[in-house]
Amino acid sequence: MRYSGFKVIKEALTGHRGWGPAWRDRDPASAYDYIIIGGGGHGLATAYYLAKVYGQSRIAVLEKGWIGGGNVGRNTTIIRSNYLLDGNEPFYEFSLQLWEGLEQELNYNAMVSQRGILNLIHTDAQRDAFIRRGNAMILNGADADLLSTAQIKARYPFLNTDNARFPIKGGLAQHRGGTVRHDAVAWGYARGADQLGVDIIQNCEVTGFLIEDGTCTGVETTRGPIKAGKVASCVAGSSSRVMEKAGMRLPIESHVLQAFVSEGLKPVLSGVITFGAGHFYCSQSDKGGLVFGGDIDGYNSYAQRGNLPVVEDVCEGGMAIFPMLGRARLLRMWGGIMDMSMDGSPIIDRTHVDGLYFNGGWCYGGFKATPASGYVYAHLLATDTPHPTATAYRFDRFSTGHMIDEKGMGNQPNLH
Amino acid sequence: MIIDHPLLGPRDSAEFTYLGDASLIHRPDWEAKDAISQFAEYGYQRDNPAGTHRELWFHEQGDRSWLVVTRSTTTHEITQVELARDVARREGRST
Ligand SMILES: Cc1cc2nc3c(=O)[nH]c(=O)nc-3n(C[C@H](O)[C@H](O)[C@H](O)COP(=O)(O)OP(=O)(O)OC[C@H]3O[C@@H](n4cnc5c(N)ncnc54)[C@H](O)[C@@H]3O)c2cc1C
């Protein structure tokens with residue numbers, strides 16, 4: 001079924017009896033050409049592009065719970081391509097371009113909203129660093145705009161520009177950045193993949209790998225063994241737990257990141273603001289809630305819930321530049337498990353086991369990467385060569401010294 | 001989370017900074033033949049278990065001692081807290 005304005009009107013007039021399910025909930029077959037583990041945004045996008053762009057078939061996505069129940073449904077929905085390093089920026093710009101065409105591509109309203117993102121500047125040194133990053137973005141075909149305090153004040157009059165510790169001295173804006181309805185991304189890719197014949201299998205946890213003579217020939221699951229030509233892990237925060245079953249240790253720690261939503265307010269915040277120095281960022285959802293977050297809690301966790309000191313820290317950061325926030329009540333908060341890598345950048349690569357592939361290490365920034373991650377992972381699976389925008393995301397960079405460390409923090413995952 | 005410091009008693013975990021897996025106590029021998037691969041493993045690869053995890057916490061806003069905390073990564077429950085110095089000595093690290 002194609003969605004259209006005409007269809008909406010027709011259904012409204014006929015009692016909404018003509019809407020079918022958007023995708024089918026399948027039972028597993030005994031064998032596939034490709035098995036993708038993890039029905040998050042990246043796994044579903046991988047299946048979609050594998051079928052659509054690379055013309056592959058007999059593809060299954062295995063999800064241990066329900067699709068969209070992981071980080072793709074827990075994040076704060078920001079998309080952007082404002083990176084500095086060569087290994088990253090072409091990839092994230094590719095992703096932003098895919099976002100720009102996504103809704104037409106999928107015939108699905110993912111509410112892609114290019115409302116702009118603004119990174120605040122507080123010192124001369126920070127301005128120099130941000131100008132350099134803006135130039136790197138422009139060199140890679142992205143947009144970047146250096147704003148003065150007056151320009152920021154004109155758009156966001158409520159910002160406290162005179163905070164004693166972090167006065168606002170300008171900002172780096174990417175006007176093409178913004179937000180996307182996160183659940184709709186999972187559902188849109190699921191629907192697109194399903195229409196191309198992909199089996200989406202829920203409540204099917206991968207519990208082990210079938211490995212014969214160094215080649216992966218399938219997976220063990222809670223719904224029995226399933227054979228496969230190629231197996232692709234794509235489980236975000238669960239990466240270490242899954243790959244351990246193939247005897248791998250990863251350059252990853254799992255950490256919890258929290259998100260917060262205030263009660264619904266009238267439109268007040270038109271774009272996304274990040275206050276990096278104060279560990280705070282914020283946007284306003286279309287329902288009116290202020291959606292905000294800050295740092296990860298900072299210790300290994302698989303608990304999908306955080307602790308109160310970080311709640312306090314995030315709210316203090318918000319109050320410092322956004323004093324009116326104090327009048328709004330906090331409505332909801334939750335946590336998700338981040339696959340924090342040793343250099344803050346992802347890994348999309350083959351493994352030491354033939355036929356077994358890995359995609360992970362997305363830290364707290366993998367939502368914006370969803371379309372490109374799926375696309376380049378499909379490229380790797382179909383061709384056994386890395387996509388041109390993802391050649392740096394190799395496992396061996398941690399032993400060869402080719403780290404992609406945007407923040408220059410070193411091998412300390414909780415600082416990225 | 002409350003960390004029961006062996007010398008100071010129960011302290012809020014917010015007073016501490018977190019380093020990571022307590023296996024970091026055992027720095028490889030830089031003179032070993034395979035020191036490069038040992039250091040790549042030591043510096044970058046982690047078990048990252050779901051369940052019991054022994055980890056290094058630094059009492060930065062307290063007495064600045066290093067602790068080895070045994071904690072569940074699925075429930076956040078802390079079951080043991082030791083001075084890292086005692087652990088290092090017990091496990092045979094000379095310095
Ligand atoms: C609070 C929060 C805020 C964030 N904000 C942003 C943001 O503003 N912008 C941004 O770009 N990124 C953000 N992120 C990061 C982003 O959400 C993730 O990097 C990204 O969603 C990870 O990819 P995914 O969607 O495939 O993961 P997930 O949705 O987590 O998918 C992984 C799936 O694998 C499944 N799985 C795990 N183990 C198994 C198994 N053994 N067998 C079968 N299935 C399994 C899980 O159930 C899960 O559904 C945020 C994350 C959080 C938690």
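**Exercise 1.** Determine how many residues of strand E15 of chain A are buried, and which strands pair with E15(A).

*Solution.* Step 1. Strand E15 of chain A, residues 289-300, is mostly covered, since 11 of its 12 residues are buried. Buried means under 20% relative accessible area, exposed over 50%, and partly exposed in between, with a 1.4 Å probe and protein chains only. Strands (E, at least two residues) and helices (H or I, at least four) are DSSP runs, numbered from the N terminus.

The model is predicted: local features need pLDDT of at least 70, side-chain atom pairs count only at pLDDT 80 or more, and totals for chains, interfaces and linings use all residues. Residues are numbered from 1 along each chain as its sequence is written, chains are lettered from A and ligands numbered from 1 in the order in which they are written, and side-chain values use heavy atoms, with hydrogens and water left out.

Step 2. Two strands pair if DSSP finds at least two bridges between them. Strand E12(A), residues 252-264, is an antiparallel partner of E15(A) over six bridges; here His255(A) stands opposite Asn300(A).

Step 3. Strand E14(A), residues 280-284, also pairs with E15(A) in the antiparallel sense, over four bridges. Tyr281(A) stands opposite Gly293(A) of E15(A). The hairpin of E14(A) and E15(A) has four residues between the strands, and Gly288(A) takes a positive phi near 110 degrees in this hairpin.

**Exercise 2.** Describe the open sheet of chain B and identify the strands at its edges.

*Solution.* Step 1. Four strands of chain B form the sheet in the order E3-E4-E5-E6, with antiparallel pairing.

Step 2. E3(B), residues 17-21, and E6(B), residues 78-83, stand at the edges; each has a single partner strand, so one side of each is left without a neighbour in the sheet.

Step 3. E3(B) and E4(B), the latter spanning residues 52-58, pair over four bridges. Within this pair, Tyr18(B) has Trp57(B) of E4(B) as its bridge partner.

**Exercise 3.** Characterise chain A as a whole: what are its helix and strand counts, its radius of gyration and its buried share?

*Solution.* Step 1. Chain A has 10 helices and 18 strands.

Step 2. Its radius of gyration, taken over C-alpha atoms, is compared with the globule rule, 2.2 Å times the number of residues to the power 0.38. The value for chain A is 21 Å, close to the 22 Å that the rule gives for 416 residues, so chain A is as compact as a globular protein of that length.

Step 3. Buried residues make up 58% of the 416 residues in chain A.
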